[in-house]
Amino acid sequence: MNGNAESSGSKEIQRRDFLKGVLLAGISTSCSTKDPFTEAAKRELVQASGETVQLLSTTGEIIEVDKAFLKPIEEIPSTTNLEERMGIKGKKFVMVIDLSHCRNLKKCQSACNHAHFVSDAQNWIKVHAMHEGEHTASYWQPTTCMHCEEPPCVKVCPVDATFKRQDGIVGIDAERCIGCRFCMAACPYSSRVFNWDKPVLPPEVLALNYSSETSCPPKIGTVSKCDFCPDMARKGELPHCVSACPNGVFYFGDMNEDVITNGSDTVRFSELIRDRSGYRLMEDLGTKPSVYYLPPVDRLFKFEEGLKNQEASRS
Amino acid sequence: MRSLRILSIASVWWLFLLFMDVSAQDAEKVTLRLDLTYHRQENGQLPMLRTSTMTKVGKRFEPVHDVEINIFFNEETSKGFLGRIKTSDKGTAFLTIPNEFTYELDSSAALKFIATVTDNEKFEDVSSEIEIAKAQIELTLNEEDSIRIMKAKVLLFEEGSWKPAPETEIKFVVKRLLSDLNAGEEELYTTDELGEASSEFKLNIPGNANGDVIIAAKIDESDVYGSISSSKAVKWGTPLMSDNSFAKRTLWSTRDKTPWWLLIFPNLIIASVWGVILYLIYQIIEIRKIGKTHKNL
Amino acid sequence: MSTLSQVSINKITADLLPKKFGKPGIIWTTVLVMLSIGGLIGYFRQLQSGLSVTGMRDYASWGIYISNFVFFVAISLVGSLITAIFRLTNVSWRTPLTRISEIIAVSAIIFAGLIIIIDMGRPERFTNLFLHGRLQSPIIWDVIVITTYLALSLLFLYFPLLPDLPIMIKHSRAGSVNQKIYKFIGSFWKGTAEQFRISESAVKIISIMIIPVALAIHTVTSWLFATTYRPGWDSTNFGAYFVSGAFLVGSGGVVVAMYVFRKAYSLQEYITEKHFNYMGKIVVMLALLYLYFNINEYLVPAFKMKKAEEHHLMSLFTGEFSYLFWSAILVGMIIPIVVLLFPSGRKPLPMFVMGVCVVVGAWFKRFLIVTPTLLSPFLPISNSPESYAHYHPTWEEWAITVGTLAGALLIITVFVRLFPIIPIHETIEEQSKAHKL
């Protein structure tokens, strides 16, 4: 078998010819938004124009198609470091976490870890088993970065490596971070993690330019944390945790639009918070989080149901 | 017992796949669920096809990524080939119908699309087919005596011309960044014999800085029409107050926005202390000069 | 200096000139060099594999490096205490102690700066502190005050050294490396009245300036902790608490150094029992002061037992860190106070032992300030491996930490090999004054 793509007369479809067509499809990780691969794909497309590629039909027949019709992945304009530091104008991202629907499934966590290449043993989203007082109710409480309006972590950063954007997001520039970990000490929500080891990454992710909107690729010796997935918002999509939750625990949206969604329900932010007595964590500290919680009342699941998921946690 | 339960859960196409499984040459391949849906944002725009791939893991379906899907228009031939797409982490992939097909799209009343997965290393061959009746929505927004009315007329392309489509379910929404908010008094409206439905717009909702909001009428995931919508911008929202907090000098802003007091006082102190240090270093130079000119006794 | 006979001048000079190391000196230096090399090996490993070689993890994100940093900053405060405060308040017996304390301050502050870089995940980005530094961050304040304090301390070491340099040049072998060094840094000192006038006024300026700067380095270092919300750190008392602790450990360090130099260089005539007696009283006072602040820091929150504080306080009082906590209080404060209250406790040897207790106690006290707080977060430690909830420093961490301590001692050792640890010129001056009376 040789890998010559021009052997169109051959009756037998060669696997390698086949794979050539595949080249044009992009990698599909969340890190791919600023992908130089797109450029490569475009060039490939121009070159390939007029040539044909063979496909197999469902009935087993060979279909010859023009390479020009092989679709490259959609190109999303890449954002500059400055744009990422400024954030999206006119937006104010907000999250609402409905504690009455959480049963510690940790789908949010695994989707988030997968999308951001969070190292083993670490999590950006943690699901805490809360028992605040001896006779008070137990409940499951997922925590993300709170994206505080007055973030204590940003206050203490010596080099502007972590910054507050105009859309409310607290981002991290891992190319700037010196790894002093003062922000970790300053964060009362323990939402920051440190890349103690060299992150284990697929080569195509490693080759990407760092983006603070995807926090990819993670860099050794720097701090990372939940970034509210602004790359997804730019594409009009929800953060990975929101779409991964089967119970609709996470609502995400723009406070300026006053609308949030958990993927299936779209509601007014102000009405939801008013009607279900939404609150924020550690209000007394004055950090003014962008993440709101709905109290664990009228619960969908018993607390105990979540206990069996406790063991499934990565260790 | 268990197999019975599985069968009871399985839908028709799953049975179809079971049949495929029997005829497959490679028994180790996994069966795949392939869904194909049709979407058109605005009248006159090129439609988009959305595919999703899932496979059964335990009792539930999980999305499958990196599956290559071939999309065809009308027939599974090289003439009808629209393109090939690859599913994302969420198991979905999109294809906008290429310009080359505009004429065919415009002239036909019924549109047939086929998605196939063939010669995949991991999965059985599978295909999915949809037939769409070409329709469009005309949206009109009117304000009279401060009553705001949204009216939609659904038209169906039949025998070369657009005709009203009665008994069609339609929604009125306000477009937002990540999802659509229901704008009608009810969730769903059904068109009358003229193909029309209307609702009052009562929302008090923020728009952009001018108070503009985008209102859309849409048919959602209809088996007959696919998902189509039509939208218009209108000044029915409350203008968004501009928020200049980002430009403020605060403890949590960047170094170019350091609060004045934090710039002035520390720098005054630093300048004065280092001024003295420089003076002291100058004194060393003075001592040195004296020593150099002084004759040893 | 005419009133003092040339014979006694010659004796003082001969007594105080730096001497070649004897056997103990060579062994001591070799051990320090080896420990420093051990530290370098540890740091090399850390550069290779990142901070994962340490025992630090997401919760205990600061460990013995930062404890060691706070320790060094604390002990460096002594330079300003002995030299500046005593000079301004005309404490007559200070002369033999000034240079000892100043060199401790300089070497400690150099290593404090180094440890900050050692603790960084990205040491090669150190320059970002200058390129992108933002004044809102207490770390930048710390960088500024540490640099300032180092500059002032070096000047404070240098000016009083000038009058000794002609003596050193005269008594060193012509053409030797030592003599070249002396000539390089002070051949221009001719001892003219004008030179003395400039030098004395400079020393006076530094004595005044260095006190607020020294208070600032320790206050700002305390703010690295106090500007956060964490239980155990969230205290308005922290600046004063740290400064008082620094005074204590600094004077403890001086006592230890006094004893060692006195023994090693036979300086009994210059560093007398009187000096130990006075220093002993000062240590008692400072230990009481530090104890006072400790009671404030622990008793007041313990009385309230706020929920967030409870875990932290109980880990210190009865939990994971209780042995270390009570030992540090006992060894670092209570025992020195009790022993040094008695005149016989203020003799050189017991003073030395108490000095060591104070310094060792103070090192562990710094650890107890830094890490237990981080292991008592507001939200429970969830979805993390068991190891994340504890902190056990690795050998690399210990090697680096011990290496920095050895390195600081090495600087002091090399310094005393080159320069008189007791100012010769000043001692002669003082003795002639005493003679006149």
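This is a predicted model: local features need pLDDT of at least 70, side-chain atom pairs count only at pLDDT 80 or more; totals for chains, interfaces and linings use all residues.
Residues are numbered from 1 along each chain as its sequence is written, chains are lettered from A in the order in which they are written, and side-chain values use heavy atoms, without hydrogens and water.

Chain B contributes 48 residues to the contact and chain A contributes 54 residues, where contact means heavy atoms within 4.5 Å. About 4,200 Å² is buried between the two chains, with 60% coming from carbon and sulfur atoms; buried area is the accessible area (1.4 Å probe) that two parts lose on being put together, summed over both. Six residue pairs are in polar contact between chain B and chain A, both residues being at pLDDT 80 or more. A polar contact is a pair of N or O atoms within 3.5 Å; within protein, one must be able to donate a hydrogen and the other to accept it, and residues adjacent in sequence count only if both atoms are side-chain atoms.

On the side of chain B that touches chain A, β5(B) supplies the largest share, six residues; strands are DSSP runs (E, at least two residues) and helices likewise (H or I, at least four), numbered from the N terminus.

In chain C, Ala112(C) lies in helix α5 (residues 95-119). Ala112(C) is buried, at a relative accessible area of 0%, buried meaning under 20% (1.4 Å probe, protein chains only). Leaving out residues up to four places away in sequence, Ala112(C) touches Phe69(C), Phe72(C) and Val73(C).

Key:
Buried means under 20% relative accessible area, exposed over 50%, partly exposed in between (1.4 Å probe, protein chains only).
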